[in-house]
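Please look at the structure below with me, and let us work through some questions about how charged side chains pair in it.

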Amino acid sequence: MSFCFNFDISAQTNTPEDVDGNKLQSGKKANEAKYAEVDDKTSANPVKEAKEHLPPSDSRFLLADAVFETVTIGTLPPLHFLNETVFERTASEREDREKILSCREENNSDLISGVYEGGLKVWECTYDLLEQMEKEGETFSGKSVLDLGCGAGLLGILALKRGARQVLFQDYNSTVIEQLTVPNVILNCQEDDEVESDSEKKGKGKKHEKSCVEKGKEDSNTCSPPPKKRATDLSKHPLMSRCHFYSGDWRTFLPLVLKKEPQPKFDIIFTSETIYNTCYYPALHEALHQLLEPSGLVYLATKSHYFGVGGGLHPFETFVEQRSVFYLDHLWDGAEGLQRHVVVLRFKRQKDN
């Protein structure tokens, strides 16, 4: 599935010097100057303050008559999330101090730079990254995981359900965290409780409802309408105690989270569809640099190019190479349509040893 963001932003383009072998050094200097300019532009923009979000003391209202979808991929546990269509239709009923729900509707846009950064939609590359985790058989047992630019939080929820000792969810918008991420985490805690209760009563193994979403695609001919969840208060569920939720710009999120004692370091960092804007590369790179364990891995899923925005895999690879902190390796490259990729970043000193 291809897409184009329907808003304009100054795109970063390569000059002929960048691809002329006889002018390689000149191209390198041009790139360095370009990203220095990106740093200046980013620092000049208004910065959205970061804050930590605590789950509500009574979470039942978040899931009252909630309509949800389920994604099942291979051997991965079912992952539940609020139905996007129903979420949009009930936007006016939701608390939204940022006004992003109404702004998104008025602008008919999935992305409004500096206002709303796309967190209410489950983007295609998230499913690619889930498939990669299924292929690798990662269990996450005892690991600390960061879902950076989490949106619906499916990647962090997978880690949580597979034994991670700590999962931190971060998104640019507080409304996304409060109205989507937290409810989705609670939704999956509720499912686990229902499975346990069913197993205890019947003495049988786990039982799950048939999924109406397979890799994000619905079949209206074979799937029943999305089910509703009866709300129970799960704010004190054991899985919730392993979760932390933050919103805000990466430039303010990083110093805020580093105030924690001890300072957090993550074994695995997930980030999906976050490199669409080259202006965000310095802050993203710095967050990865400061928060990744020395032997940790960053899993990044992305499209080759984001039309109308200017970012994509190639400019990000160039940026990473120039910073010389990480190695970047390709794990999966899709060949159809607008190409998608899953890559992994490791600290250079780890790979050199």
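Q: Which residue forms a salt bridge with K303?
A: This is a predicted model, in which local features need pLDDT of at least 70 and side-chain atom pairs count only at pLDDT 80 or more, while totals for chains, interfaces and linings use all residues. Residues are numbered from 1 along each chain as its sequence is written, and side-chain values use heavy atoms, with hydrogens and water left out. A salt bridge here is a side-chain nitrogen of Lys or Arg within 4 Å of a carboxyl oxygen of Asp or Glu. The closest N and O atoms are 2.7 Å apart, and the partner of K303 is E273.

Q: Is K303 buried or exposed?
A: Buried means under 20% relative accessible area, exposed over 50%, and partly exposed in between, using a 1.4 Å probe and protein chains only. E273 has a relative accessible area of 6%. K303 has a value of 0%, so K303 counts as buried.

Q: Which residue meets the side chain of D128 in a salt bridge?
A: D128 is buried, at 3% relative accessible area, and the N to O distance in its salt bridge is 2.5 Å. The partner, at 13% relative accessibility, is buried as well, and its name is R340.

Q: What is the relative accessible area of R251, which forms a salt bridge with D249?
A: The closest N and O atoms of R251 and D249 are 2.9 Å apart. D249 is buried, with a value of 10%, whereas R251 is partly exposed, at 25%.
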